[in-house]
Structures are given as structure tokens and as C-alpha cells.
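The following note sets out points for a colleague who is meeting this structure for the first time. Please read them with the sequence and the model at hand.

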Amino acid sequence: ETWPYHQPEAFAVLVCSAQHAFYFARYIVKGPLLEGESAIATEGEYALQYARDILRAPFLLGEQAIARNAAYALAYAETVLNGPFPSAEPIISQHPQLSLRYASKVLGRRFPLGELSVATHSESSYYYARHVMEGQFSLGEPTIYQDPQFCTPYLQWLDTLETVEPF
């Protein structure tokens, strides 16, 4: 859709900013704004929102910006792609809680790239073992064992499993 107010110089200013172009698409055009997509694609926050709220589909032009922020990348994988976002996995893997969520909610299986990070956080390790591994998570055990909040529940839960690796 083109500029409805016949003021091309004002429109040119609007589409130079990711924020302005996104809000113009959302509240004025109320739909995709092809002329503003290159600006929107420069900032992950607006690229995510544009894909999720306006396009309701992947926004390939904005994926590089989205992939620079782990939280935006996870949200994009969950709400837009409804599946893996491979180019963002290296940044997601740097965050224990986001790695856990990516594994459990997006992949529905282990996320090996994020396991070292998960293992640094007792709560994430505990839930990774229970809900992703559905078994012992040896890599995260040293962290779990140092945290009284998760050590006892983890050991009790391990007792309910049929097979446990020896220490």
C-alpha cells in the first residue's frame, strides 16, 4: 500500500526509522508496509513485532536483526516460525533459561548447543532433566547439587526413574 496522504517527503522520513515504520504499518496502514520493511528489518524488536503482529508470517528480511537478540529470537521461533530458528541457535545457547525454553517449547527435544549454558544454572538444569531429557542430566548435576532448592527434589525424582547412571 502506498502513502495515503500524498505527502511523500513526510512518508520518506517515517520509513527511515524502524520504530516509526512499524507503528505506521500497525496503526495507520493496519497491514504490511512494503516501503518501510527495510527500515523495520534493521531492529530486532520491531522486526519480531512486524512478523508476529502484522505479517503473521516469517519476515525473512528481518531475521538477521532478530537473531542478534536471544529473547527476540526465541519469541520469533515460538510465535512466528513455530519451530527451530537455526541461525539464532548460537545466541540462544548462551542463555540457560532461554536454552531450556527453546529445547522444551520449540524443539521438543534436547538442545545440545545450549546444554553447557543450561548446566550453569541449577533451576534450568533441574527442569531440563525432568522435561527435556526425561532422565538424568549429568552435565547439570554439579550445579543442581550445590542448590538446596533443587538438590533434594532432583534426587527424589531420580529415585523414581528405572535407570540412573552411576556417579
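1. Terms for helix packing. Angles under 35 degrees count as roughly parallel, over 145 as roughly antiparallel, 65 to 115 as roughly perpendicular and the rest as oblique. The axes are lines fitted to C-alpha atoms, for helices over the stretch in contact, and the angles run from 0 to 180 degrees between N-to-C directions.

2. Basis of the note. This is a predicted model, in which local features need pLDDT of at least 70 and side-chain atom pairs count only at pLDDT 80 or more, whereas totals for chains, interfaces and linings use all residues. Residues are numbered from 1 along each chain as its sequence is written, and side-chain values use heavy atoms, with hydrogens and water left out.

3. Overall composition. The chain holds 12 helices and zero strands; helices (H or I, at least four residues) and strands (E, at least two) are DSSP runs, numbered from the N terminus. Of the 167 residues in the chain, 46% are buried, where buried means under 20% relative accessible area, exposed over 50%, and partly exposed in between (1.4 Å probe, protein chains only). The accessible surface of the chain comes to about 9300 Å², with 53% of it belonging to carbon and sulfur atoms; these areas come from the Shrake-Rupley method with a 1.4 Å probe, and for residues only the protein chains shown count as cover. Among contacts (heavy atoms within 4.5 Å) between residues at least 6 apart in sequence, 31% join residues at least 24 apart.

4. Helix α4. This helix spans residues 44–55, and its buried residues are G44, Y46, A47, L48, Q49, Y50, A51 and I54. They pack against α2 (18–29), α3 (37–40), α5 (63–66) and α6 (70–81).

5. Helices α6 and α8. How do these two helices lie relative to each other? Helix α8 covers residues 96–107, and the axes of α6 and α8 are 11 Å apart at an angle of about 5 degrees. α6 is therefore roughly parallel to α8. On the α6 side, A70, A71, L74, A77 and E78 take part, and they meet L98, R101, Y102, K105 and V106 of α8. The residues of this contact divide into seven nonpolar, no polar and three charged. In this scheme Ala, Val, Leu, Ile, Met, Phe, Trp, Tyr, Cys and Pro count as nonpolar, Asp, Glu, Lys and Arg as charged, and the others, Gly among them, as polar.

6. Helices α8 and α10. α8 also packs with α10, at an angle of about 10 degrees and with the axes 10 Å apart, so these two helices are roughly parallel to each other. P96, Q97, L100, A103 and S104 of α8 meet S124, Y127, Y128 and V132 of α10. By class, this contact has six nonpolar, three polar and no charged residues.

7. Helices α10 and α12. The axes of α10 (residues 122–133) and α12 (residues 148–160) come within 10 Å and cross at roughly 15 degrees; the two helices are therefore roughly parallel to each other. In α10 the residues S122, E123, Y126, Y127, A129 and R130 meet F150, P153, Y154 and W157 in α12. This contact has seven nonpolar, one polar and two charged residues.

8. Residue A129. Leaving aside its neighbours within four places in sequence, A129 is in contact with E134, G135, F137, Y154 and W157. The C-alpha atoms of A129 and R110, which are 19 residues apart along the chain, are separated by 9.8 Å.

9. Most residues other than glycine have a negative phi. R56, which follows α4, lies in the loop between α4 and α5 and has a positive phi near 55 degrees. R56 counts as exposed because its relative accessibility is 69%. E134, in the loop between α10 and α11, is not a glycine either, and has a positive phi of about 55 degrees. E134 is exposed, with a relative accessible area of 61%.

10. Residue Q146. Q146 lies in the loop between α11 (141–145) and α12. At 68% relative accessibility, Q146 counts as exposed.
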